[in-house]
Amino acid sequence: MFARKVCLKLRPGMAVAYTRMLENEIIPILREQKGFNDEISFVSGERSEAVAISLWDAAESAEVYHRETYPSVLRALEGLIDGEPQVNTFAVSNSTIHKIPNLPR
């Protein structure tokens with residue numbers, strides 16, 4: 001399993017609008033992507049920031065999404081965020097929700 005972590009700086013007062021857009025527009029797009037498993041998001045209206053973590057079956061699936069679909073998601077978020085989101089990727093080593101194959105030692 002593979003994860004993408006996206007950290008966003010929200011414009012002041014945009015936490016609710018961001019949450020609504022994520023639920024109504026972005027998550028449906030993610031669900032159409034090959035290899036997408038889940039999305040977890042965190043929002044702090046007080047700090048005007050959000051973190052979104054998407055879980056994928058493999059790095060290749062997340063890379064295809066990043067290359068082919070993510071640019072249009074960024075355009076949709078333009079009015080809600082300040083600056084460029086920071087994207088990091090990870091191999092998922094533990095999860096209490098998902099079964100993850102044993103990693104080689």
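**Entry 1: Phe90**

I started at phenylalanine 90, which sits in strand E4. Helices (H or I, at least four residues) and strands (E, at least two) are DSSP runs here, numbered from the N terminus. I noted that residues are numbered from 1 along each chain as its sequence is written, and that side-chain values use heavy atoms, with hydrogens and water left out. This is a predicted model, in which local features need pLDDT of at least 70 and side-chain atom pairs count only at pLDDT 80 or more, while totals for chains, interfaces and linings use all residues.

Is phenylalanine 90 buried or exposed, or partly exposed? Phenylalanine 90 counts as partly exposed because its relative accessibility is 42%. For the cut-offs, I wrote down that buried means under 20% relative accessible area, exposed over 50%, and partly exposed in between (1.4 Å probe, protein chains only).

Then I looked up what phenylalanine 90 touches, with neighbours within four places in sequence left aside: Phe2, Ala3 and Lys5. Contact means heavy atoms within 4.5 Å. Phenylalanine 90 and phenylalanine 2 are 88 residues apart in sequence, yet their C-alpha atoms are 5.9 Å apart in space.

**Entry 2: the whole chain**

Next I stepped back to the overall layout. I get 3 helices and 4 strands for the protein, and from the N terminus on the order is β-α-β-β-α-α-β.

How does the radius of gyration fit a compact globule? With 105 residues, a compact globule would come out near 13 Å, and the protein has 14 Å, so the two agree. That radius is taken over C-alpha atoms, and the globule rule is 2.2 Å times the number of residues to the power 0.38. Along the principal axes, the C-alpha atoms fill a box of roughly 45 × 30 × 20 Å.

Of the 105 residues, 37% count as buried. The accessible surface is about 6800 Å², and carbon and sulfur atoms own 51% of that. I noted the method too: Shrake-Rupley with a 1.4 Å probe, where for residues only the protein chains shown count as cover. Among contacts with a separation of 6 or more, 68% join residues 24 or more positions apart.

**Entry 3: Leu10 and Ser48**

Leucine 10 is in strand E1, and it counts as buried because its relative accessibility is 2%. Beyond its neighbours within four places in sequence, leucine 10 has contacts that include Tyr18, Val43, Ser48, Leu80 and Ile81. Tyrosine 70 is 60 residues from leucine 10 along the chain, and their C-alpha atoms are separated by 17 Å.

Serine 48 has a relative accessibility of 14%, so it counts as buried. What about its phi? Serine 48 has a positive phi of about 50°, although it is not a glycine. I jotted down the background: most residues other than glycine have a negative phi.

**Entry 4: Met21**

Methionine 21 lies in helix H1 and counts as buried, because it has 15% relative accessibility. Neighbours within four places aside, methionine 21 is in contact with Ile26, Ala76, Leu77 and Leu80. Methionine 21 and leucine 80 are 59 residues apart in sequence, and 9.5 Å lie between their C-alpha atoms.

I moved to alanine 52 in strand E3, which counts as buried because its relative accessibility is 8%. Not counting residues up to four places away in sequence, alanine 52 touches Arg4, Lys5, Val6, Tyr18, Glu39, Ile40 and Ser41.

How many cavities of 30 Å³ or more are there? I get 1. The largest cavity has a volume of about 160 Å³. It has 16 lining residues, and the closest to its centre are Val6, Ile26, Glu39, Ala52 and Tyr65. Strand E1 (2–10), helix H1 (15–31), strand E3 (49–56) and helix H3 (70–77) each supply at least two residues of that lining. By class, the lining has 13 nonpolar, 1 polar and 2 charged residues.

My notes on the terms:
- On a 1 Å grid over the protein atoms alone, a cavity is a set of points where a 1.4 Å probe fits but cannot get out; a pocket is an open set with protein on both sides within 12 Å along at least five of seven lines; lining residues have an atom within 4 Å of a point.
- Points are joined across faces, edges and corners, and a volume is the space filled by probe spheres set on them.
- Ala, Val, Leu, Ile, Met, Phe, Trp, Tyr, Cys and Pro count as nonpolar, Asp, Glu, Lys and Arg as charged, and the others, Gly among them, as polar.

Last, I checked the largest pocket, which has a volume of about 190 Å³. Of its 12 lining residues, Ile40, Ile53, Leu55, Val92 and Asn94 are the closest to its centre. E3 and strand E4 (81–91) each supply at least two residues of the lining. I sorted that lining into 8 nonpolar, 4 polar and no charged residues.
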